[in-house]
Amino acid sequence: MDALHPLPHPSVLAHVVDAHCHPTDSPLSPAVLSGLPHRICAMATRASDQPLVRSLAEQFPDKVIPCFGYHPWFIHWISLAPPNALPAKDVHYQTLLLPLSEPEHAPLLPAFHRLLPLLPDPVSLATIVEDLRTNLSAFPHAMLGEVGLDRAFRIPFERPAVPPYASSPAPSHPPGHSHDAPEPRRELSPFTTPLAHQVAVLEAQLALAVVLRRNVSMHAVKAQQATLALLARMRAAHGSAWTALSVDMHSCGLSALGWAEIERVHPNVFLSLSTAINARSPAHVALLRAVHPARLLVESDFHDVAYSAACTWDMLARAATARGWWLEESGAEVEAGRMLRAGHGDDGQAMAKAEEGWGAVRRIAENWRVFERGGHTVLPGVKKKRDKKKLLLDSSEEESGGE
Ligand SMILES: [Zn+2]
């Protein structure tokens with residue numbers, strides 16, 4: 001891993017938001033948290049970390065945007081049955097993971113019997129939705145997250161970890177463990193959570209987000225078509241109540257073409273990239289260039305909040321390089337942009353719009369503001385049909401300073 005881009009002055013970081021991280025996965029240092037130079041969106045993933053995120057947000061309200069939700073890696077623990085009709089543990093997992101009506105499953109029985117004692121008792125979907133409602137309602141700005149779809153994840157042969165989950169000695173440098181990067185040492189069972197179950201749990205969480213009008217941090221791994229179909233269904237089912245909220249495709253692993261399809265039809269979907277996940281593949285540069293500049297956010301997806309600023313800043317600097325945006329060195333530069341010289345840009349040309357003078361930090365800070373506010377009706381930054389078509393083609397213009 002290359003060294004991370006060096007951090008700027010704290011007055012610059014004051015404009016940065018880490019759109020997705022997992023601080024409660026590591027031991028928390030109050031000194032680090034109270035000294036954070038930026039704001040963070042702290043994700044919850046399963047029953048045991050929802051109260052940790054809640055208490056973090058109560059202690060550090062100016063720094064922490066709490067996010068409550070159930071991650072696809074843990075939703076095999078959830079039963080769709082109502083609380084008063086919960087099936088026995090073995091029945092729940094066998095029905096979900098190994099329906100014996102399918103004869104090809106019989107050879108997997110020994111693996112199933114090895115896994116079963118390691119799994120927790122199932123909990124009803126209705127119970128977790130009520131828990132989410134309570135937590136989301138306690139914070140007007142709380143988001144739904146981390147939720148999503150994952151067709152790559154296999155259930156490991158291990159008991160659920162006790163928080164903080166990544167409590168082994170902190171790595172000397174990030175990135176390392178992440179929810180989107182299964183630890184390679186873990187022994188994995190052959191079992192995956194069926195997509196239909198994942199979709200059912202996700203849609204119940206999203207329905208609550210619509211009712212409470214909450215923004216969403218969404219995970220999608222090897223689930224491009226399923227995610228596109230889900231977004232289309234949500235929009236058709238909920239209409240303007242759906243586009244009133246914002247959705248962030250976090251550590252977005254979609255292809256640039258898959259992303260373009262989303263951007264073309266969904267005015268409320270943004271994407272954020274992380275050094276921890278996305279920088280492992282050069283495809284992230286293509287995505288950074290393909291995304292409309294008004295749809296881009298940045299994140300760390302990291303478990304140790306001490307590295308959140310460094311990781312988030314690293315992706316922001318990568319975005320600046322990929323797009324040919326200048327990078328501010330002071331808070332004053334972030335605020336003023338380059339409109340300082342009587343409305344003229346670096347090249348002496350008159351600038352038609354204020355944002356043409358903005359650096360990368362200001363652009364992404366404005367994107368966050370639009371994301372947070374929600375209420376999307378038109379594609380951000382796009383007014384004419386002709387321009388929508390241009391979106392897919394304009395990355396080369398972007399590099400030469402055009403927009
Ligand atoms: Zn995550």
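Q: Which residues in α6 meet which residues in α7?
A: This is a predicted model. In α6, Leu 125, Val 129, Leu 132, Arg 133, Leu 136 and Ser 137 take part. They meet Ala 200, Val 201, Ala 204, Gln 205, Leu 208 and Leu 212 in α7. By class, the contact of α6 with α7 has nine nonpolar, two polar and one charged residues.

Q: At what angle do the axes of α6 and α7 cross?
A: They cross at roughly 30° and come within 10 Å. Angles under 35 degrees count as roughly parallel, so α6 is roughly parallel to α7.

Q: What about α7 and α8, at what angle do they pack?
A: About 40°, with their axes 12 Å apart. α7 passes α8 in a right-handed crossing.

Q: Which residues meet there, in α7 and α8?
A: From α7, Leu 195, Val 199, Leu 202, Glu 203, Leu 206 and Val 210. From α8, Ala 226, Leu 230, Arg 233, Met 234 and His 238. The residues of this contact divide into eight nonpolar, one polar and two charged.

Q: Which residues line the largest cavity?
A: His 15, Val 16, Val 17, Ala 19, Leu 297, Val 298, Leu 316, Ile 364, Ala 365 and Trp 368. That lining has nine nonpolar residues, one polar and no charged.

Q: And which element gives the most to the lining?
A: α14, with three residues. β1 and β10 are also among the elements that give two or more.

Technical notes: Residues numbered from 1 in each chain as written. Predicted model: local features only at pLDDT ≥ 70, side-chain atom pairs only at ≥ 80, totals over all residues. Heavy atoms only, no water. Axes fitted to C-alpha atoms, helices over the stretch in contact; angles between N-to-C directions. Helix = DSSP H or I, 4+ residues; strand = E, 2+ residues; numbered from the N terminus. Left-handed = near helix turned anticlockwise from the far one by under 90°. Contact = heavy atoms within 4.5 Å. Nonpolar A, V, L, I, M, F, W, Y, C, P; charged D, E, K, R; others polar. Parallel < 35°, antiparallel > 145°, perpendicular 65-115°, else oblique. 1 Å grid on protein atoms, 1.4 Å probe; cavity = no way out; pocket = protein on both sides within 12 Å on 5 of 7 lines; lining within 4 Å.
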